[in-house]
Amino acid sequence: MDAPDRFARQRALAGFSDDGQARLGAATVLVVGVGALGCPAADLLVRAGVGRLRLVDHDAVGLDNLHRQTLYAEADVGRPKVDAAAERLRAAAGAGVTVEALHRTFQEGDLDGVDAVLDCTDDSGTRDWLHALCVARGVPLAWGAVEGWEGQWATVVPGGPCLRCLWPAPGDAPSCADVGVLGAVSATVGAQQALAAVRALLGQESGGTLWLHDGRAGTFDAVRFPRRPECAVCADATVPGSGAR
Ligand SMILES: [Zn+2]
């Protein structure tokens, strides 16, 4: 009798198969920020069998994080988030999954060797910088944000429209206001970021959609956005492997 297969239910998915599982297993995914979005996203990615997860976060766990940051317990309060998260994720992951924990702010070199990126920060400066670097390097980026009862997410893939195509001026992008947040809303966004990364790793993500979730009304809306030829970020980006601008 064959040994139980941890990923049997994933391999059974249409469009997944052994090849899809192998792609995830060979992939490195960077998660910037292990808070309300990064916790559920990272958990889902290691359980899906992503081979290497790189976590970057400079923060420590606070008691008021626990209602939404699903990897932490009261005993973790005061610990670096990446250390507590890596411990939980290694316990949840199967053999062959590597979790790297970087207790500091994001640095450009963190993108080296990365196949997909999740922006799970709540800092507009990091968001803009990370976004521009991902576009320039041709690395798929799954961005997400929560504000109050509302969540938003969008994916940027090489050759597709970027977030500056959507919001031409940096100040147009949503900021993280201190208006509270519900864990079920942030977990929804984080799960969608993880799903977008999986699609990107399988070559099944085309980007160009901003999703708007109103957790209070229980609604989801999709807004399609095109690439702008004059975009300040992606107009000159090279698509890896295409040999063309
Ligand atoms: Zn653009």
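**Entry 1: β7 and β8**

I looked up the pairing of strand β7 (residues 209–214) with β8 and found that they run antiparallel, joined by six bridges. Strands pair here if DSSP finds at least two bridges between them. Strands (E, at least two residues) and helices (H or I, at least four residues) are DSSP runs, numbered from the N terminus. The model is a predicted one, in which local features need pLDDT of at least 70 and side-chain atom pairs count only at pLDDT 80 or more, while totals for chains, interfaces and linings use all residues. Residues are numbered from 1 along each chain as its sequence is written.

I noted two bridge partners in β8: D221 for L212, and V223 for L210. The hairpin of β7 and β8 has four residues between the strands, and G218 takes a positive phi there, near 75°. I then asked how many of the six residues of β8 (residues 219–224) are buried. The number is zero, so β8 lies largely in the open. For burial I used the count of other C-beta atoms within 10 Å of a residue's own: 20 or more is buried, 12 or fewer is exposed, and in between is partly exposed, with C-beta atoms placed from the backbone.

On the β6 side, I found that β6 and β7 pair in the antiparallel sense over five bridges. A154 stands opposite L210 in β7.

**Entry 2: the whole protein**

I counted seven helices and eight strands in the protein. Its radius of gyration is 17 Å, close to the 18 Å that the globule rule gives for 245 residues, so the protein is as compact as a globular protein of that length. The radius is taken over C-alpha atoms, and the rule is 2.2 Å times the number of residues to the power 0.38. Along the principal axes, the C-alpha atoms fill a box of roughly 55 × 45 × 40 Å. Of the 245 residues, 41% count as buried.

I also checked contacts, meaning pairs of residues whose C-beta atoms, placed from the backbone, lie within 7 Å. Among contacts between residues at least 6 apart in sequence, 70% join residues at least 24 apart.

I looked for nonpolar cores, which are sets of buried Ala, Val, Leu, Ile, Met, Phe, Trp, Tyr and Cys residues joined through C-beta atoms within 7 Å. The largest has 64 residues, and those with the most contacts inside it are V31, A42, L55 and A197. Which helix gives the most to this core? It is α7, with eight residues.

Helix α7 (residues 183–201) is 19 residues long and reaches 27 Å from its first C-alpha to its last, close to the 27 Å expected at 1.5 Å a residue. The expected span is 1.5 Å times one less than the number of residues. I found α7 mostly covered, with 14 of its 19 residues buried. G203 follows α7 and has a positive phi, near 75°.

Helix α3 (residues 38–47) is also mostly covered: eight of its ten residues are buried. A42 is one of them. Leaving aside neighbours within four places in sequence, A42 is in contact with V31, V34, L53, L55, A85 and L89. What covers the buried residues of α3 includes β1, β2 (52–56), α4 (81–92), β3 (98–102), β4 and α7. Just after α3, G49 takes a positive phi of about 95°.

Helix α5 (residues 124–137) has 14 residues and should span 20 Å at 1.5 Å a residue; its end C-alpha atoms are 20 Å apart, which agrees. I listed R127, L130, H131, C134 and V135 as buried in α5. Seen down the axis, these fall within an arc of 130°, so they line one face of the helix. The arc is that of the directions from the helix axis to the C-beta atoms. The buried residues pack against β1 (28–32), β4 (116–119), β5 (141–147), β6 (150–156) and α6 (163–166). After α5 comes G138, whose phi is positive, near 70°.

Last, I looked up D123, in the loop between β4 and α5. D123 is partly exposed, with 16 other C-beta atoms within 10 Å. The C-alpha atoms of D123 and G33 are separated by 9.6 Å, though the two residues are 90 apart along the chain.

Key
Contact = placed C-beta atoms within 7 Å.
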